[in-house]
Amino acid sequence: MHSFPPLQNDLLLRAARQEPTPRAPVWIMRQAGRYLPEYRAMRSEDAFFSLVRSPELAAEVTLQPLERFPLDAAIIFSDILVIPQAMGMTVEMVKGQGPVFTQPLDAPTDLARLQMPALQGALDYVFEALTLTRRRLAGRVPLIGFCGAPWTLMAYMVEGSGSKTFSHAKSWLYRHPEASHALLRDITDLLIEYLALQIDAGAQLVQVFDTWAGLLSPDSFDRFCLPYLVRLVDGVKARHPDVPVTVFARGAHHGLEALAESAYDVIGLDWTIDPREARRRVAGRAALQGNLDPCVLYASQETIRSAVRDMVQAFGPGGHIANLGHGMHPDHDPVHAGVFIEAVQE
Ligand code: 1CP
C-alpha cells in the first residue's frame, strides 16, 4: 500500500460520517471541465480519452479547479465509461454530441462480446492517476474516486449514446429481464473491484453516479437499480469498511428511504427535492450532498449568495456536503463557481 501525507482539511470526510463540522465542506460535480479555459486549452491539444488515459495529464486536470478555488475536495478526472471500454466496447467522444459507442449492445446475444477483464492491468491508468494526484495534493484536501452505477452504465452500453428517454436501454428491462440482470450483475462485480482498487490507489471517498436512475418507474428502480446499488456498496464496504461511499441517484426521489437504509454514507440530491423533505425522510441515516440548481450560477453574484444561504439553512448544520444538484455546464462562468464556493464557506 502507498503512504501519503496526513490530511490538513478533512471536512469532507467528517461531514460524510456525520461528525460535527464548523461549516459544510464544498465541491462541485464536474468541477474540472469545459467551463474552465485552462481545461479547454488542454483539450484542444488532446482527445478526451487521451487525457483520461494519461495519469500525468489527468492529475493536472484534476488539480486545475483547486488552483483557482478554495475547494474542500478534489475529484479524479476520468469518466464512467472506462468500464464499458475495459469490457471491450469502443467509445468515442464526439464534439457536440458526447460519448458515442461504435457498436452498442443490440440484443442479448451481444453479451457474448463482453469481457470480464482484470481491472488491475486494464485500468491501471486510473489507479496511477489517483496515486499521482494524491501525492500532488500533499494532504491539502481529500481525493474522491468514482464510478457509474450499474443501471447508468447499462443504459449507455445498450443505447450507445446519451438520450432523452434511453428507450432502447429501457426496453431491455421489459423485453429481456434475464439478460438485463446478467449484465447488471457482471457490471456490479467489476465495479466492486474497481472502487476497491481506486481506494487502494489513494481515493479517500468514492461516489457512485446513477445519473439515469430517474428514468425508471419506482417498480423498475426497485428491480434493476436498487439491488445492484446495494450489492455494490456492500461489496466495497467488505473490503474498505472505513471509506465513505456516496450515491447520487438523480431523479429517484422515491428511492430515498431505501438508500438511507443501505450502507451508503452519503446521498447526493438533485435540485428538484427540498432539502428539508430529504432530511425528514432520511432521518439521520445518511449525510446529504447537494443540491443547488446548477442554473442558479447563471444569475447575479447576489442571487447566487442568497440562494446558497437558503440552501445551507435548509439542510441545517452537520452531515451536509454542499454541491450543485448536478454538474457544471460548459457555458458557466468560472467566476460564478467561485462565488458559489465562497458563499458556502462564509
Ligand atoms: O469534451 C469533453 O472535454 C468532454 C466533457 C467531459 C468531461 C469533462 C466528459 C464527457 N466527461 C468529463 C469528466 C467527468 N465525467 C467527470 C470528472 C470529474 C469531475 O470534475 O466531476 C465525472 C465525474 C464524469 C462522470 C460522468 N460521465 C457521468 C456521471 C456524472 C454526470 O454528470 O451525470 C456521465 C453520465 C458521464 C458520461 C459523459 N461523459 C462525457 C459526457 C458529455 C457525458 C454525458 C453524456 C450524456 O449527455 O449522456
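Visitor: Which residues line the largest cavity?

Guide: In this predicted model, the largest cavity is lined by A249, G251, A252, H253, L256, L259, I267, G268, L269, D270 and I273. Rolling a probe the size of a water molecule over the atoms shows where empty space is left. Here the largest cavity has a volume of about 70 Å³, and the elements that give two or more residues to its lining are α12 (256-261) and β7 (266-268). Sorted by class, that lining holds seven nonpolar residues, three polar ones and one charged one.

Visitor: How many cavities of 30 Å³ or more does the structure hold?

Guide: There are two of them. The second largest cavity contains about 40 Å³ of space, and P5, L7, R134, L137, G139, V141 and Q204 form its lining, which divides into four nonpolar, two polar and one charged residue.

Visitor: How should I read a pocket, and what is the volume of the largest pocket?

Guide: A cavity is a space from which the probe cannot get out, whereas a pocket is an open set of points. The largest pocket has a volume of about 1400 Å³; 39 residues line this pocket, and R30, R34, D79, M93 and P99 are the closest to its centre. The elements that contribute two or more residues to this lining are α2 (37-45), β2 (91-94) and β3 (98-101), and α2 gives the most, with four residues. By class, the lining of the largest pocket comprises 19 nonpolar, 13 polar and seven charged residues.

Visitor: Where does the ligand sit?

Guide: The ligand sits in the largest pocket, where 24 residues surround the ligand, the closest being R30, Y39, R43, Y156 and H326. This shell is made up of 14 nonpolar, six polar and four charged residues.

Visitor: How much of the ligand's accessible area does the protein cover?

Guide: On its own the ligand has 900 Å² of accessible area, and the protein covers 89% of that.

Visitor: Which residues are closest to the centre of the second largest pocket?

Guide: The second largest pocket holds about 180 Å³ of space, and of the 14 residues that line this pocket, R134, I199, G202, A203 and Q204 are the closest to its centre.

How values were computed. Residues numbered from 1 in each chain as written. Predicted model: local features only at pLDDT ≥ 70, side-chain atom pairs only at ≥ 80, totals over all residues. Heavy atoms only, no water. Near = heavy atom within 4 Å. Areas by Shrake-Rupley, 256 points an atom, 1.4 Å probe, with all protein chains shown as cover. 1 Å grid on protein atoms, 1.4 Å probe; cavity = no way out; pocket = protein on both sides within 12 Å on 5 of 7 lines; lining within 4 Å. Sits in = over half its atoms within 2 Å of the grid points. Nonpolar A, V, L, I, M, F, W, Y, C, P; charged D, E, K, R; others polar. Points joined across faces, edges and corners; volume = space filled by probe spheres on them.
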